[in-house]
Amino acid sequence: MNKKLLILVSLLLVTAIIFTGCVPKGGDNSANDTPAATDTTPDSTPTGPKILKTNNSSEPGSLDPALAQGTHESWVLDHTFEGLMKIDTDLNVVPGMAKDYKISDDNLIYTFTLRDDVKWSNGDPVLASDFEFAWKRALDPELASDYAHQLYYIKGGEAYNTGKGSKDDVLVKALDEKTLEVTLEAPTAYFLELTAFYTLYPVNQKVAEADPNWAKDAKTHVSNGPFTLTEWQHNASIKIRKNENYYDKDSVKLDGVDFDIIDDENTAWQKYEGGDYDFLSPLPQAVVAQMKANNNPELIIGAEVGTYYYNLNSKVKPFNNVKVRKGLSMSLDRQTIVDKIAQGGQIAAEGVVPFGMHDENGKEYRDNVGKLAEFNLEEGKKLFAEGLAEEGMKPEDFKNIVLLYNTSEGHKKIAQAVQEMWRVNLGIEVQLENVDFQVKLDREKAGDYHISRAGWIGDYMDPITFLELWHSESSFNDAKYNNPEYDKLINIAKTSPDAKERFDAMRNAEKIVMADMPVVPLYFYTQPYAQKPYLTGVYKPLVNYPRLTYADINK
């Protein structure tokens, strides 16, 4: 039996075992279910409050826009805050807190005028100065925001954040209560879309200055979006309720959303199937496969611009060796992973930038980059063996190497598949370890890992949102990659006013990072989710989790 067939048989066996074990036969919760917080809110009925119930798979590290760093936080923030711009139900970038804006002829100065009727959840008016405060606060090196780099497009932003300039030199300024002027370092085609991203959400200056811990408790949390945080039982549940001060409240049909915080996908699915949830994402992969096979109308395969990959810690031997890194990548059969394991319509990764991004001519970006990640077992085995020998190591030394992933049945199945492919193809035994999502993020930042599961959903529709991750100074460069030529190209892509020069730089940069392989891309995301037939109005931006803002329950 050849090795690819041997792997496939092994993976099918794993899939069959999990498939039969994790799809519940009935709707009852098992004794091992994580208990939801006691809820005195009446069930959603035609005459009672419309409370949408779902799950948020991980405890947020923070519900402060400046400190958030993942979808476990942004899904809540995207419903409780709103930026100058927002993504509407037609997936267009449209004015949010701003009623209009003007852009200078040189595309460097943006002048936003706020709506007259915008208020915070506590009744304070939303002011232009709240945006100025929030953006400079996120750039404050003392705050240590992981996403501060999203504000480097503002003139003086990077200098202030890196200690080379002052806050006063950051050119975002409230000209009056309703007018915000922003000067950029260079023309940035996606800047308007960026103002819809959570790091650039406003913060109530008066509240934040009075209480540095305002975002840690629902009693002190103040926001400006369609919903407001009313309860946060840490590691158990989050409740948000309709914000009566929101300017577009008449379009918001729900009275609120209740999120459980359960990291076990099978437990969450049991609650959805049992009628406790109206909506659920993510879903167990075996459930997605079964729903697809049955043409279940409650399954929606949401389009998403994102990449699932593994970090290789280049500061840890033998991942400092490019041959080892490339060997690990080339020995993975990505098509088998998406077809037999992920099973959610994902696309085998060809690089780190997913399909869906457009180039300078409005065409598919990937078409002019080529396939930079592929299954090539013979070459992979050769490179891996050479790299190990150069590091004075043997395959059996991998018994102490650990692949880290955050707790999820789906991530576990992918990790098991990768573990098996490496065992069969390279003769190495990698260990697996699962931890809470926030713990994983913290360990990656600290460099406390060998191999780690990672994923990135684009922050906006430009390839740089992926490629800038591996700039040597990026706060999300968890692979600790450092290539001066790559950095140079990324800097060009972020500052050049010439579209062709920008995209040429990005195409060349992607070729470099895939030649060095500090990360191993596995597949390009989709986002399967389940939605009850009586739930309407949910929409799915390409770069966000599904939006519940204009959802309605009609039982």
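The legends below describe close-up views of a predicted model.

**View 1. Antiparallel pairing of strand 9 with strand 10.** Strand 9 covers residues 237-242 and strand 10 covers residues 256-260; five bridges connect them. Ile 240 has Val 257 in strand 10 as its bridge partner.

**View 2. Salt bridge between Lys 382 and Glu 386.** The N to O distance is 3.1 Å. Both residues belong to helix 11 (residues 377-390) and lie four residues apart, about one turn of the helix. Glu 386 is partly exposed, at 28% relative accessibility, and Lys 382 is also partly exposed, at 44%.

**View 3. Salt bridge between Glu 420 and Arg 423.** The closest N and O atoms are 2.8 Å apart. Because the two residues are three residues apart in helix 12 (residues 409-426), about one helical turn separates them. Glu 420 counts as buried, with 15% relative accessibility, whereas Arg 423 is partly exposed at 35%.

**View 4. Salt bridge between Asp 462 and Arg 502.** The side chains meet at 3.0 Å, N to O. The pair links distant parts of the chain, 40 residues apart: Asp 462 sits in the loop between strand 16 (451-457) and helix 14 (464-467), and Arg 502 in helix 16 (residues 499-516). Both residues are buried.

Note on methods:
Residues numbered from 1 in each chain as written. Predicted model: local features only at pLDDT ≥ 70, side-chain atom pairs only at ≥ 80, totals over all residues. Heavy atoms only, no water. Pairing = 2+ DSSP bridges. Salt bridge = Lys/Arg side-chain N within 4 Å of Asp/Glu carboxyl O. Buried < 20%, exposed > 50% of the residue type's maximum accessible area, 1.4 Å probe, protein only.
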